[in-house]
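Here is a short briefing on one protein model. Look over the sequence and the structure first, then read the points below by topic.

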Amino acid sequence: MRPVPIMSDSIAELKKIIERSRRIVFFGGAGVSTASGIPDFRSEDGICSLDTGGASPEEILSAVYFTLHTAEFFDFYRRYMVHPEAEPNVIHRYLYRLEKEDRLRGIVTQNIDGLHRMAGNKRVYELHGSIHENYCVDCEKSYPLEKIMESGGVPRCDKCGGIVRPWVVLYGEMPDKYTGIGACREISGADCLIVAGTSLQVEPAASYIDYFTGRDLVVINKEPTPADERANLVIRGDAAEVFAQLT
Ligand code: NAD
Ligand code: ZN
């Protein structure tokens with residue numbers, strides 16, 4: 001369908017949809033956290049536009065690069081992917097309220113920033129993992145984010161000396177199977193799916209929305225997405241501004 005401007009009837013329509021829904025699932029991406037000061041990937045000033053002078057950001061964030069150039073991977077990761085000062089914004093806070101009211105069945109996120117959990121949500125499917133979960137690749141001992149941020153170069157396990165890496169899904173790696181199954185189950189049981197702040201370019205995550213068979217598919221994004229033509233409400237604009245008007 002054709003997108004409608006934010007300030008018009010679209011907010012009223014979104015409110016109506018949320019009010020009549022009892023099993024809402026939110027499917028989000030990096031655009032959900034730009035209002036928290038974390039750049040996304042594919043916007044003009046996103047991480048993909050960085051001139052690293054060598055490998056592209058997508059190459060650096062790949063399993064092959066991690067294995068072959070581990071120290072350089074960590075330099076990039078600490079500098080651009082981790083934002084310890086970031087806090088939940090109006091979108092995260094609104095979704096927490098919806099979960100407390102028992103209207104939100106789950107959040108399926110491609111983000112690794114942990115902000116939905118920080119906002120208090122419990123039913124969060126982090127398809128690409130979280131910067132807050134880190135583990136030794138040899139003995140699996142787990143570590144907090146500080147381990148990665150406070151070590152220079154390649155972080156090493158205190159117990160066995162193995163490399164400590166974030167539990168984040170790099171290009172070339174598959175998402176955790178059980179997280180994916182849980183996410184698809186929630187989406188398939190939803191009566192309303194809100195897709196926001198994602199370009200829907202990363203697979204298999206993007207295809208998970210195909211499991212939705214419910215009544216209302218809503219897309220809120222600054223740019224067109226492949227889901228727009230299936231949606232019954234498309235709001236082309238800033239998701240933080242949209243959610244601010246719902247509260
Ligand atoms: P993407 O960068 O490919 O797409 C983001 C989309 O959100 C774009 O279409 C952009 O126009 C839109 N957008 C940006 N700010 C917005 C806003 N305020 N309101 C509405 N729309 C907005 O991001 P993606 O689809 O999530 O895929 C990128 C991958 O990058 C994911 O796999 C994710 O793991 C990773 N990533 C995560 C973070 C994070 O954790 N916050 C940040 C950057 C990248
Ligand atoms: Zn170890």
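A nonpolar core is a set of buried Ala, Val, Leu, Ile, Met, Phe, Trp, Tyr and Cys residues joined through side-chain atoms within 4.5 Å. Buried means under 20% relative accessible area. The model is predicted.

**Nonpolar cores**

- The largest nonpolar core holds 27 residues, and Leu-14, Phe-26, Ile-91, Ile-220 and Phe-243 touch the most other members.
- Two or more residues each come from α1 (6-20), β1, α5, β2, β7, β8, β9 and α9 (239-244).
- Helix α5 gives the largest share of this core, with 5 residues.
- In soluble globular proteins, nonpolar side chains tend to be buried together.
- Which residues does Ile-220 contact, leaving aside its neighbours within four places in sequence? They are Leu-14, Ile-194, Val-195, Ala-196, Gly-197, Ile-235, Gly-237, Ala-239, Val-242 and Phe-243.
- A second, separate core has 23 residues, including Phe-41, Ile-60, Phe-73 and Val-168.

**The six-stranded sheet**

- An open sheet of 6 strands runs in the order β3-β2-β1-β7-β8-β9, and the pairing is parallel.
- Strands β3 (124-126) and β9 (233-236) stand at the edges with a single partner strand each, so one side of each has no neighbour in the sheet.
- On average, neighbouring strands of this sheet are turned by 15 degrees against each other, direction ignored.
- Strand β8 (residues 216-221) runs parallel to β9, and 4 bridges join the two.
- Val-218 has Leu-233 as its bridge partner in β9.
- Strands of a sheet pair through backbone hydrogen bonds, either parallel or antiparallel.

**Helices on the sheet**

- Helix α5 (residues 90-100) lies across β1 (24-28) and β2 (104-109), at about 145 degrees to β2.
- Helix α8 (residues 177-188) packs on the sheet and touches β1, β2, β3 and β7 (192-196). The direction of α8 makes about 135 degrees with that of β3.

**The zinc site**

- Which protein atoms are the donors of the zinc ion (ligand 2)? They are the SG atoms of Cys-136, Cys-139, Cys-157 and Cys-160, at 2.2 to 2.3 Å from the ion.
- The 4 donor atoms subtend angles of 97 to 118 degrees around the zinc ion (ligand 2), so the arrangement is tetrahedral.
- Along the chain, the donors of the zinc ion follow the spacing C-x2-C-x17-C-x2-C.
- Cys-136 lies in strand β4 (residues 129-136), whereas Cys-157 lies in the loop between α7 (145-150) and β6 (164-168), so this pair ties together parts 21 residues apart in sequence.
- Both Cys-136 and Cys-157 are buried.

**Strands β4 and β6**

- Strands β4 and β6 run antiparallel and are joined by 5 bridges.
- Asn-134 has Pro-166 as its bridge partner in β6.
- Of the 5 residues of β6, 4 are buried, so this strand is largely enclosed by the rest of the structure.

**Cys-192**

- Cys-192 is found in strand β7.
- Is Cys-192 buried or exposed? Cys-192 counts as buried because its relative accessibility is 0%.
- Cys-192 is in contact with Ile-17, Ser-21, Arg-23, Ile-24, Val-25, Phe-212 and Asp-216, leaving aside its neighbours within four places in sequence.
- The C-alpha atoms of Cys-192 and Gly-28 are separated by 14 Å, and the two residues are 164 residues apart along the chain.

Key
Residues numbered from 1 in each chain as written. Chains lettered and ligands numbered in written order. Predicted model: local features only at pLDDT ≥ 70, side-chain atom pairs only at ≥ 80, totals over all residues. Heavy atoms only, no water. Pairing = 2+ DSSP bridges. Axes fitted to C-alpha atoms, helices over the stretch in contact; angles between N-to-C directions. Contact = heavy atoms within 4.5 Å. Buried < 20%, exposed > 50% of the residue type's maximum accessible area, 1.4 Å probe, protein only. Donors = N, O, S within 2.8 Å, 3.2 Å for Na, K, Ca; no water. Tetrahedral: all angles 85-135°; square planar, octahedral: opposite > 155°, others 65-115°.
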